[in-house]
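Subject: Structure for your review

Dear colleague,

Please find below the structure I am handing over to you. My findings follow it.

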Amino acid sequence: MNPHSDHPADCALHRRAKGLPLPAALLLATLTGPLSAANYQMHVQLDVPSRTITGTQTITWTNRTSRPAGELRFHTYYNAWKTKNSSFLNSNRMQTRDFEDWHEDEWAAIELELLVVPARDGSVEYDLTTFLEYVQPNDGNSDDETVLRVPLPEPVEPGESLRILTEFEARVPRTFARTGFRGDYFFLAQWFPKLGVLEEEGWNCPQFIQTEFYAEFGDYDVSLTVPSGWVVGATGTLQDREDHPGGTTTHRYVQQNVHDFAWTTSPHFSEFEEEFTHERLRPVRMRLLLMNDHLGQRDRYFAATRAALRYYGEWFGEYPYDHVTIVDPAYQSRSGGMEYPTLFTGGTRWLQPDGSGDPEGVTIHEFGHQIWYGVVANDEFEHAWLDEGINSYATRRVKLEVYGRDKYVERYLDGFIPHLFPDIEISERTASGLGDTDSEFEWDTMSTPSWLYGPAPMRGVEADPNRNRVYGGGAYGFNSYTKPALMLLTLERYLGWDTFQKVLSTYFDRWKFRHPKPQDFFQVAGEVSEQDLDWFWEQTYHGSITFDYAVDGVVERGESGQRVVLRRWGEGLFPMEARVEFEKGPPVLETWDGQSRWKAFDYFPEDDRVMAVYLDPEGKLALDVNRTNNSWVREAPSELAGHKWASKWMIWLQNMMQLVTFFG
């Protein structure tokens with residue numbers, strides 16, 4: 001507890017310790033009007049040598065359901081690093097980690113040391129600390145302590161609110177899963193006891209297993225005490241700063257209508273600010289906290305953030321806050337590429353050539369989460385793709401609009417020296433995150449709750465302990481990011497950009513701050529497109545099938561006749577187009593409903609031949625697992641191809657010789 005604080009929670013707990021009555025402001029009250037469900041007022045202090053956070057909370061929580069609430073449930077996320085037996089560390093995403101190089105003081109834990117609520121009439125206070133118990137509502141793992149149950153002495157009726165007073169201590173882990181410390185750099189997320197979401201069915205407060213997070217919107221007023229001279233970045237805006245004797249400074253940040261609070265601090269940040277302005281969108285103050293080895297990429301961070309603010313705002317929905325903080329994470333901190341309300345981490349390298357995709361790509365992607373994760377705010381424990389998948393799709397579109405396709409980068413000298421090949425673009429398949437096998441689509445269905453997504457299967461291959469890591473946690477990575485992004489890209493190309501853009505903007509406008517579910521998205525898509533899309537969702541969302549259409553070949557049929565044969569190898573059904581090109585005559589565009597296993601088109605041109613067939617020439621079916629079989633060409637332009645590849649090899653050889661000369 002900070003002796004220099006006059007924070008309300010500090011004062012209240014101080015009074016309690018002396019047997020004094022609680023102030024009236026902390027009593028149970030019935031609130032009216034559109035108030036947030038969970039408001040937090042906190043004062044915390046970071047002790048750097050011990051890497052611990054001590055804090056107090058005053059939480060004002062409103063029961064927004066139609067039923068009385070007889071208990072509270074809290075997330076205690078840091079306990080996922082308390083033992084190797086936690087559900088998170090044994091999930092499909094994390095089971096390849098052995099932690100053999102971790103020291104005892106690099107693990108984490110969080111303890112609720114005191115929890116007090118006042119009685120309904122204020123006549124007595126209830127110390128519930130001894131009644132706290134850890135529960136495991138999802139997997140029954142008794143070693144998991146990431147959910148805390150608090151029975152209440154009196155039920156909280158519908159519409160009523162409760163003030164909760166707590167003291168807690170959190171031991172910060174070595175940076176892992178984008179939270180923790182590395183040296184004197186701290187990025188702090190999931191660091192405080194946090195209420196779950198009470199829904200009509202009961203408490204939605206799942207264990208920390210393999211997904212990201214879900215919480216109710218609220219107002220945050222948080223005072224952060226750190227060593228003087230250290231730079232602080234946090235959710236919200238800085239209200240005031242106070243220096244104390246002994247070399248500490250308190251930074252107070254406030255933010256309304258968000259569902260989480262994260263912060264960072266280090267003595268090594270350089271601070272920069274710029275303003276985003278737009279004729280139709282609100283101005284936004286961009287604050288960049290940049291590591292000194294990346295100072296040369298300042299303008300690139302700002303340009304990418306400005307592009308994201310513009311295009312997400314024009315296409316999908318306006319960013320609703322007037323500020324955003326971009327954090328450039330410390331080297332090897334493993335805290336890059338993560339989103340929290342009004343704050344996100346980017347990621348880059350000391351030598352990162354223009355056109356390589358970063359920091360632009362990660363900046364656009366993590367800002368984009370401010371729209372889908374931060375404002376629409378679905379339940380990521382159950383439906384991670386509604387944020388990750390939609391945002392992966394949207395990131396790709398903004399990147400193409402502003403920067404074009406990423407270029408291939410090769411790194412030399414053990415990955416230290418990069419060289420960008422400007423003539424070699426990263427393919428759509430590679431950029432989408434598809435692995436080296438088409439079977440990813442069969443690993444699991446998107447409709448499976450995200451926390452239950454399975455590992456990458458070992459069918460037909462020798463067991464590889466790195467397989468889950470490569471695929472981002474097996475089915476979780478594929479079904480949360482890659483497949484939904486390809487699914488949405490396919491839908492955009494099927495409906496047309498104008499219609500699909502309206503689908504996403506309508507979805508954002510209708511469901512912002514409301515926690516939608518997949519069916520809400522499907523309903524908007526059908527309504528806006530004025531089409532029954534159940535056939536599409538049944539295959540892509542509920543199914544685990546593959547799409548694979550091919551040109552089987554061209555058969556000579558006598559009398560100058562020729563037959564073009566198309567084939568469906570996959571189980572997925574999708575309408576197809578094929579462009580047939582002739583030696584002399586104009587091309588013909590054929591259509592096929594894609595339902596049967598094969599389709600033939602016969603041609604009897606006089607003195608003419610079929611020279612090429614291109615199936616799905618516009619690439620509408622982005623879900624097609626093998627586009628190499630989508631074309632047939634009678635005579636490949638071998639001389640042209642040889643010249644093209646010879647040129648690329650000459651460019652590569654030239655660059656290698658320059659590199660050798662540089663170090664010679």
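Glutamate 133 lies opposite arginine 149, a residue of strand E8. E8 (residues 147-156) and E7 are paired in the antiparallel sense over two bridges; strands, like helices, are DSSP runs numbered from the N terminus (strands E, at least two residues; helices H or I, at least four), and two strands pair if DSSP finds at least two bridges between them. Both belong to an open sheet of four strands in the order E7-E8-E4-E12, with antiparallel pairing. Strands E7 (133-134) and E12 (194-195) form the edges; each has a single partner strand, so one side of each is left without a neighbour in the sheet.

Please note that this is a predicted model, in which local features need pLDDT of at least 70 and side-chain atom pairs count only at pLDDT 80 or more, while totals for chains, interfaces and linings use all residues. Residues are numbered from 1 along each chain as its sequence is written, and side-chain values use heavy atoms, with hydrogens and water left out.

E32 pairs in the antiparallel sense with E29 (residues 576-582) over five bridges, and leucine 615 is the bridge partner of alanine 578. E32 also pairs with E33 (residues 631-633), again antiparallel, over three bridges; here valine 613 has tryptophan 632 as its bridge partner.

Leaving aside residues up to four places away in sequence, tryptophan 372 touches, among others, Tyr312, Phe316, Leu504 and Phe508 (contact: heavy atoms within 4.5 Å).

Tyr312 is also one of the buried residues of helix H2, which include Arg300 and Trp315. The 18 residues of H2 (residues 298-315) should span 26 Å at 1.5 Å a residue, and the end C-alpha atoms are 26 Å apart, which agrees; the expected span is 1.5 Å times one less than the number of residues.

Finally, threonine 166, in strand E9 (residues 160-171), is buried with a relative accessible area of 0%.

Yours sincerely

Definitions and conventions:
Buried < 20%, exposed > 50% of the residue type's maximum accessible area, 1.4 Å probe, protein only.
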